[in-house]
Amino acid sequence: MSFKIFSTFTGAGGLDIGFHGDFHYLNRYYPKLKFKTLKALEINKQACETLKKDNKYFKETDIIEEDITKINPNNFKNENYDVLLGGFPCVTFSVVGKQVGLKDDINGKLYESFVGFVEALQPKVFLAENVKGILSANKGEAIKIITKRFEDTGYKLKVQLVNFADYGVPQLRQRVLFIGIRKDIDDEFNIPKPTHLENYVTVEEAFKKIDKKCINNNLMKQLATTTAKLEAIPEGGNFKDLPPHLAIKGLMSNIYRKLDRKKPAYTVLASGGGGTWTYHYEEPRALTNRERARLQSFPDDLIFIGSNTEVRRQIGNAVPAVGVYPFAKEIERILKGFTKTQ
């Protein structure tokens, strides 16, 4: 028996792959879990093409290329899904403490649409992912509103700040997980114990044995001035290490950051201009998208469709499959126990 997943904001499918299991990452195999994604709702055409291109992780999935705000969740309410997944964007509120803020903000509308799917589908469990900043948005009021909104739909909620590096992802990536267990299920979600708290997977380990000819591993076009800057920056350094003749003037964020091979990567970004592409620790260049995918713990057999910039977006927006895997195992435990009592 498999547990049925309805996936929203699916992107390139990192969250779903973490629930499916049955993949290799570096030298470790992540055994198959009892989940199948039957529906995947995603607005981006290229991300949908990535999901459709895959012939393993999403071969049984109905890919719905549509805006979540244009879909009526009641169309699926009788299909009996066990799990609802989604990484809705960070919510801001134009009027703190009032639901009108949700209606005025575009990300608020997306969040409300996700909640609408929770209400309509009434899955046994839902898991949503968001950026760390959601905890402090509107001076902490946003998270209170979101928590109450989820609880009012009939769920026991756990809100957990996770650093995925603690679970074997070679990247310092802090994200907030919202895990809801339907109130009729007499069980509690236990936060998995970190597996790599004092033994992080390093960038050097993550980049081992990448086939230079594999797909999504092409080098990015780069200006000669960018190469000169990167040659002047030491491993683990950034633009602050540039000599005077290459210095960048003005107020800048922490850009031109080179990786340190003996540490996990800093957070991989989905977008951004010059200096934000994530840079190799040894070679004076931006990472390839396959290297970026390794840092996000995507298995090598997932092929991304789109331009370099578009594939970067898909990878940077994803939830690392390896990091979410232990959370999926705990949800599997809960669902197995509930099924036995029915």
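Colleague: How many disulfides does a search of the whole structure find?

Modeller: The model is a predicted one. A disulfide is a covalent bond between the sulfur atoms of two cysteines. In this model the search covers the whole structure, and the number of disulfides found is zero.

Colleague: Is Cys48 buried or exposed?

Modeller: The class follows from the relative accessible area, with buried meaning under 20%. Cys48 has a relative accessible area of 0%, so Cys48 is buried.

Colleague: Which class does Cys214 fall into, and at what relative accessible area?

Modeller: Partly exposed residues lie between the buried limit of 20% and the exposed limit of 50%. Cys214 is therefore partly exposed, its relative accessible area being 25%.

Colleague: Where on helix H7 do the buried residues lie?

Modeller: Helix H7 spans residues 224–232, and its buried residues include Thr226, Lys229 and Leu230. These residues cover an arc of only 95 degrees around the axis, which means that they lie on the same side of H7.

Colleague: Which exposed residues does the face of H7 turned away from its buried side carry?

Modeller: Thr226, Lys229 and Leu230 are buried in H7. The face turned away from that buried side carries the exposed residues Ala224 and Glu231.

Colleague: Why does the protein count as being as compact as a globular protein of its length?

Modeller: The protein has 10 helices and nine strands. For 342 residues the globule rule gives 20 Å, and the protein is as compact as a globular protein of that length because its radius of gyration is close to that value, at 21 Å.

Colleague: What percentage of the residues in the protein is buried?

Modeller: Burial is assigned to residues under 20% relative accessible area. Of the 342 residues in the protein, the buried share is 54%.

Colleague: What share of the contacts with a separation of 6 or more comes from residues 24 or more positions apart?

Modeller: The contacts considered here are those in the protein with a separation of 6 or more. Residues 24 or more positions apart account for a share of 71%.

Colleague: Is Ala206 buried or exposed?

Modeller: Ala206 lies in helix H6, residues 203–206. Its relative accessibility is 0%, so Ala206 counts as buried.

Colleague: Which residues does Ala206 touch, not counting those up to four places away in sequence?

Modeller: Ala206 and Val169 are 37 residues apart in sequence, with their C-alpha atoms 8.9 Å apart in space. Leaving out residues up to four places away in sequence, Ala206 touches Tyr25, Leu26, Pro170, Arg294 and Leu295.

Technical notes:
Residues are numbered from 1 along each chain as its sequence is written. This is a predicted model: local features need pLDDT of at least 70, side-chain atom pairs count only at pLDDT 80 or more; totals for chains, interfaces and linings use all residues. Side-chain values use heavy atoms; hydrogens and water are left out. A disulfide is a pair of cysteine sulfur atoms within 2.5 Å. Buried means under 20% relative accessible area, exposed over 50%, partly exposed in between (1.4 Å probe, protein chains only). Helices (H or I, at least four residues) and strands (E, at least two) are DSSP runs, numbered from the N terminus. The arc is that of the directions from the helix axis to the C-beta atoms. The radius of gyration is taken over C-alpha atoms; the globule rule is 2.2 Å times the number of residues to the power 0.38. Contact means heavy atoms within 4.5 Å.
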